[in-house]
Amino acid sequence: MAPIDFYHAPFSPASRGALLTARQLELDLNIKVLDLFKGEQLKPEFVALNPEHTVPTIVDDGYVLWESRAVCTYLAAQYGKGDWLYPHEPKQRARVDRALMFDMGTLSCRFDKYVMPVVFQGQKPDPEALKSLQEALRLLDNFLGGCKYCAALHITVADHRLAATVETIKHCKINIARYANLKAWLQRCKENMPGYHENEVGAKLFGEFAAARFKEVSSKN
């Protein structure tokens with residue numbers, strides 16, 4: 001099998017979540033890093049592949065796919081040995097889908113609403129947006145009560161995607177220490193997910209960038 005082209009930005013939680021799934025599956029990847037700050041995602045050859053010009057984007061034997069959670073589930077379904085990463089059984093799969101959708105519609109969404117206006121638009125941090133993000137973290141902490149992983153007794157693609165989000169939140173100096181279940185789960189992910197160091201490195205890169213922008217905005221107000 002030819003390597004899968006994997007268009008990647010290390011600081012992107014979306015891209016890192018899909019990369020964790022690929023690493024779990026031990027796939028042969030041709031990683032193509034895009035510098036989004038330099039606008040490399042807007043080059044005509046990439047836009048021709050993905051009109052939304054987002055990462056991650058994969059090309060698997062001519063099949064082009066983007067959107068992080070779709071990439072995670074496709075890779076697991078296409079290359080997984082068994083269905084443990086993304087179950088076939090409807091109720092088990094629904095639990096994984098629910099966790100993926102919680103990440104998309106609640107946790108990642110609230111993180112973006114708090115951090116992105118400061119980082120990319122120079123707006124003052126919104127205390128209500130931070131409060132909303134902390135509520136999402138509390139909800140995830142509650143979901144993880146008595147559970148080893150977020151949707152099963154073992155790692156699934158939902159853990160990959162959520163681990164990328166939560167690791168980024170942690171490196172943005174948003175305190176997760178108060179959430180004991182969440183903190184313990186993230187440590188299990190770190191210890192048991194192949195390639196987790198790449199997730200940490202990318203999250204740290206984004207966290208450092210965000211911290212500098214928060215400091216800059218704070219100094220102007």
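Reply: Lys 170 is partly exposed, with a relative accessible area of 33%; here buried means under 20% relative accessible area, exposed over 50%, and partly exposed in between, with a 1.4 Å probe and protein chains only. The term stands for a side-chain nitrogen of Lys or Arg within 4 Å of a carboxyl oxygen of Asp or Glu. Both residues belong to helix H6 (residues 157-171), and because they are 3 residues apart there, about one helical turn separates them. Helices (H or I, at least four residues) and strands (E, at least two) are DSSP runs, numbered from the N terminus.

The model is predicted: local features need pLDDT of at least 70, side-chain atom pairs count only at pLDDT 80 or more, and totals for chains, interfaces and linings use all residues. Residues are numbered from 1 along each chain as its sequence is written, and side-chain values use heavy atoms, with hydrogens and water left out.

Glu 216 is partly exposed at 35%, while Arg 213 is buried at 17%.

Another salt bridge joins Lys 190 and Glu 200, with the closest N and O atoms 3.3 Å apart. Lys 190 lies in helix H7 (residues 180-192) and Glu 200 in helix H8 (residues 196-219), so this pair ties together parts that are 10 residues apart in sequence. Lys 190 counts as partly exposed at 39%, and Glu 200 is buried at 18%.

Arg 69, Asp 103 and Arg 161 are linked in a network of salt bridges. The count for the protein comes to 9 salt bridges.

As for the fold, the protein has 8 helices and 4 strands. From the N terminus on, the order is β-α-β-α-β-β-α-α-α-α-α-α. Of the 221 residues, 46% count as buried. Among contacts (heavy atoms within 4.5 Å), those between residues 24 or more positions apart make up 68% of the ones with a separation of 6 or more. Along its principal axes the C-alpha trace spans about 55 × 50 × 25 Å.
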